[in-house]
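Reader: Hi! Could you walk me through this one while I have it open?
Author: Happy to, let's take a look together.

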Amino acid sequence: QLQLVESGGGLVQPGGSLRLSCTVLGFSLDYYAIAWFRQAPGKEREFVAVAAISWSVYTTSYADSVKDRFTISRDNAKNTVYLQMNSLKPEDTAVYYCAVDLYRGRDPTRYHYWGQGTQVTVSS
């Protein structure tokens, strides 16, 4: 059974860092895209970053709001994807979700497999 297990959320001060992990159980990540989304209270779920492999080429893409601060990486041997978040801001506060699909884009409705979410709170 396919399962995505997230960890790494927590409370951090502005300017601090956190690393989120998403381990995929039940199938290999080799041919899939894995993405991070986030959802703040009262807001829609929004794209954060995606990592994909296509024709042996590894690509990443980021939302403008997190570019140069967040880094997505994947360890296929561990079937795990990471989201390194630096220079965190209060507006980064949200529940963060990982998602997996053959689709490689930014539309959350196109992803069929989701983690349970992990809370990230940036506050002094």
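Author: Let's start with a pairing: Ala94 stands opposite Val120 in strand 11. Strands here are DSSP runs of E of at least two residues, and helices are runs of H or I of at least four, numbered from the N terminus. This is a predicted model, in which local features need pLDDT of at least 70, side-chain atom pairs count only at pLDDT 80 or more, and totals for chains, interfaces and linings use all residues. Residues are numbered from 1 along each chain as its sequence is written, and side-chain values use heavy atoms, with hydrogens and water left out.

Reader: How many bridges join strand 9 to strand 11, and do they run parallel or antiparallel?
Author: Three bridges join strand 9 (residues 94–101) to strand 11, and the two run antiparallel. Two strands count as paired if DSSP finds at least two bridges between them.

Reader: And what about strand 2 and strand 11?
Author: Strand 2 (residues 10–12) runs parallel to strand 11, again with three bridges. There, Gly10 stands opposite Val120.

Reader: Which residues of strand 11 are on the covered face?
Author: Thr118, Val120 and Val122 are on the covered face, while Gln119 and Thr121 are on the uncovered one. In a regular strand the side chains alternate between the two faces of the sheet.

Reader: Switching topic: which residues touch the most other members in the largest nonpolar core?
Author: Trp36, Val48, Phe70, Ile72, Leu83, Met85 and Tyr96 do, in a core of 37 residues. Such a core is a set of buried Ala, Val, Leu, Ile, Met, Phe, Trp, Tyr and Cys residues joined through side-chain atoms within 4.5 Å. Buried means under 20% relative accessible area, exposed over 50%, and partly exposed in between, with a 1.4 Å probe and protein chains only.

Reader: Which element gives the largest share?
Author: Strand 5, with six residues.

Reader: Nice. What is the strand order in the open sheet of four strands?
Author: The order is 1-3-8-7, with antiparallel pairing. Strand 1 (3–7) and strand 7 are at the edges with a single partner strand each, so one side of each has no neighbour in the sheet.

Reader: How many bridges pair strand 7 with strand 8?
Author: Six, in the antiparallel sense. One partner pair is Arg74 with Val81 in strand 8.

Reader: Where is Arg69?
Author: Arg69 is in the loop between strand 6 (57–62) and strand 7. Arg69 is buried, with a relative accessible area of 11%.

Reader: Which side chain does Arg69 join in a polar contact?
Author: The side chain of Asp92, at 2.8 Å. A polar contact is a pair of N or O atoms within 3.5 Å; within protein, one must be able to donate a hydrogen and the other to accept it, and residues adjacent in sequence count only if both atoms are side-chain atoms. A polar side-chain atom of Arg69 also lies 2.8 Å from the backbone oxygen of Ser65.

Reader: Last one: how many disulfides does a search of the whole structure find?
Author: One, and it joins Cys22 to Cys98 with S to S at 2.1 Å; the cut-off for a disulfide is a pair of cysteine sulfur atoms within 2.5 Å. Cys22 lies in strand 3 and Cys98 in strand 9, so the pair ties together parts that are 76 residues apart in sequence. Both Cys22 and Cys98 are buried.
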